[in-house]
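Q: Hi! Could you walk me through this one? I'd like to start with the overall fold and then get to the ligand.

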Amino acid sequence: MWERFPPAGAIRHAKRAMGAACGVRRPQAIVRCCGPRSSELALEESIVIRARLPGDEAWIAEMLTRWWGSPVIHTRGRRHDGRRLAAWIAMLGDRRTGLCTYRIADGECEIVSLNSLEESRGIGTALLRTAETQAARSGCRRICLITSNDNLAALAFYQKRGYRLSALYPGAIDRTRRVKPEIPEIGLGGIPLRDEIELSRTLVPSSADRKDC
Ligand SMILES: CC(C)(COP(=O)(O)OP(=O)(O)OC[C@H]1O[C@@H](n2cnc3c(N)ncnc32)[C@H](O)[C@@H]1OP(=O)(O)O)[C@@H](O)C(=O)NCCC(=O)NCCS
């Protein structure tokens, strides 16, 4: 129904066990898309990414309202009803711990929202990598997203993961505020909330049937 990618199989993300003596580098999420194959992986805990299911709608609406003030999100002048968007959900055990909503059109995947309920555990990265992989399998050549000018942490997060700044929409949030007055004037860190920044990266379309991942 909603899903662009039917939930044929959840995609498992595993974290490398953190050696007590390492201390320097934090463990990174490892994307596992074809089942276990490496003995180097010691499962500290598992993040499973799955497509949304019909029973998720109320939770999605609640989360988008909590995070973004409403289930309706505006990007680049377009209105998205997040309750109807395709979405990936991160599961830790039986807990929903993250949400990525997206839209695919004209060979491009737009991530409309990305949120983690438990930060710095690899959930955001796992959701992002899943969105990229599945968008490429769907034939997309580009993946993009909008963030606001005050969201410095998100700008860092995406750039560290291969995204480039690709467009600036000055005053876009000021314009959205006219139809969504709950958007505050002042954003994160006391920065005036005004503009949209697009980040994107190129994808290499791939076949869903590939078994070499
Ligand atoms: C941006 C956001 C989605 C990131 O989610 P997250 O779950 O914290 O992301 P990750 O855990 O994958 O990565 C965050 C950091 O934790 C680190 N990390 C990952 N696993 C870790 C672990 N097991 N232990 C310690 N740190 C870990 C990552 O290395 C990363 O740091 P880096 O960016 O310096 O490399 C989250 O901060 C969020 O929901 N922000 C609010 C909404 C938002 O701004 N969304 C983006 C705009 S749409």
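**Fold, core and ligand shell**

A: Happy to! Bear in mind that this is a predicted model. Residues 24 or more positions apart account for 66% of the contacts in the chain with a separation of 6 or more.

Q: And how many helices and strands are there in the chain?

A: The chain has 4 helices and 11 strands. Of its 213 residues, 32% are buried.

Q: Which residues have the most contacts inside the largest nonpolar core?

A: Those are Ala87, Trp88, Cys100, Tyr102, Ile111, Leu127 and Ala131, in a core of 36 residues. Helix H2 provides the largest share of this core, with 7 residues. Other elements giving two or more residues include strand S3 (46-51), helix H1 (57-68) and strand S11 (196-202).

Q: Let me pick on Cys100. What is it in contact with, leaving aside neighbours within four places in sequence?

A: Cys100 then touches Ala87, Trp88, Ile111, Ser113, Leu114, Leu127 and Ala131.

Q: Nice. Switching to the ligand: which residues come nearest?

A: Ser116, Glu119, Ser120, Gly124 and Thr125 come nearest, out of 21 residues around the ligand.

Q: Which element gives the most to the shell?

A: That's strand S8, with 4 residues. Helix H2 (123-137), strand S9 (142-148) and helix H3 (152-160) each supply at least two, as does S8 (108-116). S8, H2 and S9 also turn up among the elements that give two or more residues to the core.

How values were computed: Residues are numbered from 1 along each chain as its sequence is written. This is a predicted model: local features need pLDDT of at least 70, side-chain atom pairs count only at pLDDT 80 or more; totals for chains, interfaces and linings use all residues. A residue is near a molecule or strand if its C-beta atom, placed from the backbone, lies within 6 Å of it. A residue is buried if 20 or more other C-beta atoms lie within 10 Å of its own, exposed if 12 or fewer, and partly exposed in between; C-beta atoms are placed from the backbone. Two residues are in contact if their C-beta atoms, placed from the backbone, lie within 7 Å. A nonpolar core is a set of buried Ala, Val, Leu, Ile, Met, Phe, Trp, Tyr and Cys residues joined through C-beta atoms within 7 Å.
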